[in-house]
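This report is written for a reader who is new to the structure.

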Amino acid sequence: MIKRTFAATAAAILALFVMVNVAQSTEYQHSITEKKITFDWSVAGDQLAVKLSAPTTSWVAVGFNPSKKMKDANIIIGYVKKGKVKISDEFGTAATQHKGDKKVGGVDHVTVVGGTEEGGITTIEFTIPLNSGDEKDGVIDPAADTTIILAQGEGRDSFKVKHKVHATVVVNLSTGAKK
């Protein structure tokens with residue numbers, strides 16, 4: 001019985017290790033860089049895989065389809081501290097404010113893939129559903145134009161630090177075409 005439990009545990013750990021390494025070596029289909037913030041992505045079935053990098057030792061963030069500045073955007077913000085990735089699924093509650101999905105009646109739908117903070121560059125990788133069914137996330141139609149907001153913090157690893165740099169760009173997530 002102990003041998004079987006050990007074997008099952010070892011197999012599960014090996015499978016998790018392989019999944020993380022495969023996900024971290026993912027080649028992304030598309031990439032854009034705005035104000036030194038790089039947004040790489042791939043659409044795979046009903047998921048959007050994202051890699052976000054910027055020259056900061058603080059947080060990096062991406063938001064999808066705001067109505068005005070940050071308002072109504074599905075915002076994913078993350079940082080790496082002591083080798084551990086912390087990512088938050090947020091909702092733009094006003095033009096210059098956002099709160100965690102759970103605090104405004106939504107659900108966290110981010111799957112953390114990985115992240116690093118090396119040489120003054122913070123990188124996070126995650127997946128989100130294109131249509132989570134959560135009104136705080138909205139629906140991302142990869143065939144349509146998608147407004148993307150990008151930002152990076154400065155200083156410390158904290159979601160309370162304001163952004164140092166931000167940019168807005170419109171892209172087609174299926175083709176990678178930038179408007």
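Predicted model: local features only at pLDDT ≥ 70, side-chain atom pairs only at ≥ 80, totals over all residues.

Residues are numbered from 1 along each chain as its sequence is written, and side-chain values use heavy atoms, with hydrogens and water left out.

**Nonpolar cores**

A nonpolar core is a set of buried Ala, Val, Leu, Ile, Met, Phe, Trp, Tyr and Cys residues joined through side-chain atoms within 4.5 Å. Buried means under 20% relative accessible area, exposed means over 50%, and partly exposed lies in between (1.4 Å probe, protein chains only). The largest core has 27 residues, and F39, L48, L52, V62, F126, I148 and L173 have the most contacts inside it. Among the elements that give two or more residues to this core are strand 2 (37-44), strand 3 (47-54) and strand 9 (121-129). Strands (E, at least two residues) are DSSP runs, numbered from the N terminus. A second, separate core has 10 residues, including W59, A61, I149 and V161.

Contact means heavy atoms within 4.5 Å. Leaving aside neighbours within four places in sequence, the contacts of L48 include W41, F64, F126, I140 and L173.

**Salt bridges**

A salt bridge is a side-chain nitrogen of Lys or Arg within 4 Å of a carboxyl oxygen of Asp or Glu. The structure holds 5 of them, and the table gives some.

| Salt bridge | Distance, N to O |
|---|---|
| K71 and D72 | 3.9 Å |
| K136 and E135 | 3.7 Å |
| D145 and K179 | 3.5 Å |

The pair of D145 and K179 links distant parts of the chain: D145 is in strand 10 (residues 145-153), K179 is in the segment after strand 11 (163-172), and they are 34 residues apart. D145 is partly exposed at 44% relative accessibility, and K179 is exposed at 62%. K136 is buried, at 15% relative accessible area, whereas E135 is exposed at 68%. K71 is partly exposed at 34%, and D72 is partly exposed at 34%.

**Positive phi angles**

K36 has a phi near 70°, a positive value in a residue other than glycine. K36 sits in the loop between strand 1 (30-34) and strand 2 and is exposed, at 62% relative accessible area. K82, also not a glycine, has a positive phi near 55°. K82 lies in the loop between strand 5 and strand 6 (84-94) and is exposed at 82%.

Methods: Helix = DSSP H or I, 4+ residues; strand = E, 2+ residues; numbered from the N terminus.
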